[in-house]
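Please work through the exercises below with the sequence and the model at hand. Each task is followed by a solution in steps.

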Amino acid sequence: MMDVFSLLGHGFAVAATPMNLFFCLVGAVCGTLIGVLPGLGPVATISLLLPATYALDPLAAIIMLSGIYYGAQYGGSTTAILVNIPGESTSVVTAIDGYKMAQQGRAGEALAIAAIGSFIAGCFGTLVIALLGPPLALMTQKFASPDYFSLMVLGLVSAVVLANGSAFRAVSMIFLGLLLGMVGMDMNTGEARMTFGLIELSDGINFVALVMGLFGVAEVISNLEEVSTRIVNHSKIDSIWPSFKVLRGAWGSVTRGTLIGTIFGILPGGGATIASFSAYALEKRIAKNPSRFGNGAIEGVAGPESANNAAAQTSFVPLLTMGIPTSATMALMVGALTLHGIAPGPMIISRQPDLFWGLIASMFLGNAMLVIINLPMIGIWVRLLNVPYRILYLVIAVICAIGVYSVNNSSFDVYMTVGFTLLGYVLRKLDAEPAPLLMGFVLGPMVEENFRRSLITSHGDPLVFLQRPISLALLLISAALLISIVMPSVRKRRVEVFAE
């Protein structure tokens, strides 16, 4: 335990340099901004900003990108409470009771509880990363190729189970992502695969072009279709300091939300959105008077806001210790680390201690910054809602084109971005969530590498995946999850949960 705190102290020394503090602040501000503005989520924003991180030190880049992710959880609650416009999907449920509180003249109370709960949950989640990271990484180092293969299969299956909408479409997206991940040179034979004679595809599909088109620009176009006019009603904020009675009433919800978010963040396919909805459902279920929910219950704000922030933090645990992304945002983090020549996984703690402990320490600093940014500056964030979207998105589209070109100075990358933009737009029209596609694209090469390595070491015996206890257990869990979603009762309940 003392070693952990000693290493954490080293992380603070690394994270507290002027440059890292600056990019931590930039990430926190950008995260709050996209959290406030409906439409652009952290996935789209991180994909748009990936080219800008090329020139940065890897630690500064990952500090900024992670700050955007957890910063968005803070910002989303501000507009959800004040103007009933959730800036982030994780804040949708906060708007139910938060906006009612604002209408009752309790806006300051709701905002303060959301910020305090977010800060406590964020710090707890970060502490979990520090405590669980080293032992999990040590355990993962004992994994062999079959275990890694089965672990990644479990990650892909979990993405299908927890994806919104049709399970068939989610499976299709996974396979499409795996197919796109196979484009380029075969890692063993060196032969070109699915490059169609294009030399630009010999190194595979450009990750930045894919994510910017699929999530960034396609998201912009979809939002331009939906947003026409925006009416902003500013709620009066008298005081942002909650009374002791309110704090006492929210304390249990913050604790439960933090624990729920911590668990959902670690689970493959979990994430902040599911955590916030689960926390709200739990608070409503255990309440003595459930009718208060929907009419300004403080528990309806404290629980979900704590849950989404805890989940945002702990979703880094499987990424940093096993190299497995549990969500689309974490898949982008894998891409960001890979672009800087860093392989996420169990060796990152021993080979890149400055990056691991510096990132964790920056999360503590970032959470403290976000409390300051979000409470005293609430008026500024709300006024941003008056910026016309047609202007905002036009600027984003231009920055995208410049950014994707500047990575390799290649016009082909711009054409690919256009192609993936069209694909992303069509997928949205077909109600096919593109997040599983990204998971398949990122995990595909690792799945293939470990599958082939396992067969080579076992002399072609496919039973090697069933002979190792860890691999067998992971495959059994994957099979159980797949069977569960085809069972009529589970499938019906799954549809009801997503509809709710």
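The model is predicted, with local features requiring pLDDT of at least 70 and side-chain atom pairs pLDDT 80 or more, while totals for chains, interfaces and linings use all residues. Residues are numbered from 1 along each chain as its sequence is written, and side-chain values use heavy atoms, without hydrogens and water.

**Exercise 1.** Describe how helices H7 and H8 pack.

Step 1. Locate the elements: H7 spans residues 145–161 and H8 residues 167–181, helices being DSSP runs (H or I) of at least four residues and strands (E) of at least two, numbered from the N terminus.

Step 2. Determine the geometry: the angle is about 140° and the axes lie 8 Å apart. Axes are lines fitted to C-alpha atoms over the stretch in contact, and angles run from 0 to 180 degrees between N-to-C directions.

Step 3. List the contacts (heavy atoms within 4.5 Å): Leu156, Ala159 and Val160 of H7 meet Ala167, Ala170, Val171, Ile174 and Leu178 of H8.

**Exercise 2.** Characterise Met194 by its phi and its accessibility.

Step 1. Met194 is not a glycine, yet has a positive phi of about 50°.

Step 2. Met194 sits in the loop between strand E2 (192–193) and helix H9 (207–226).

Step 3. Met194 counts as partly exposed because its relative accessibility is 34%; buried is under 20%, exposed over 50%, partly exposed in between (1.4 Å probe, protein chains only).

**Exercise 3.** Is His459 buried or exposed?

Step 1. The loop between helix H20 (435–457) and helix H21 (464–467) contains His459.

Step 2. His459 counts as exposed because its relative accessibility is 77%.
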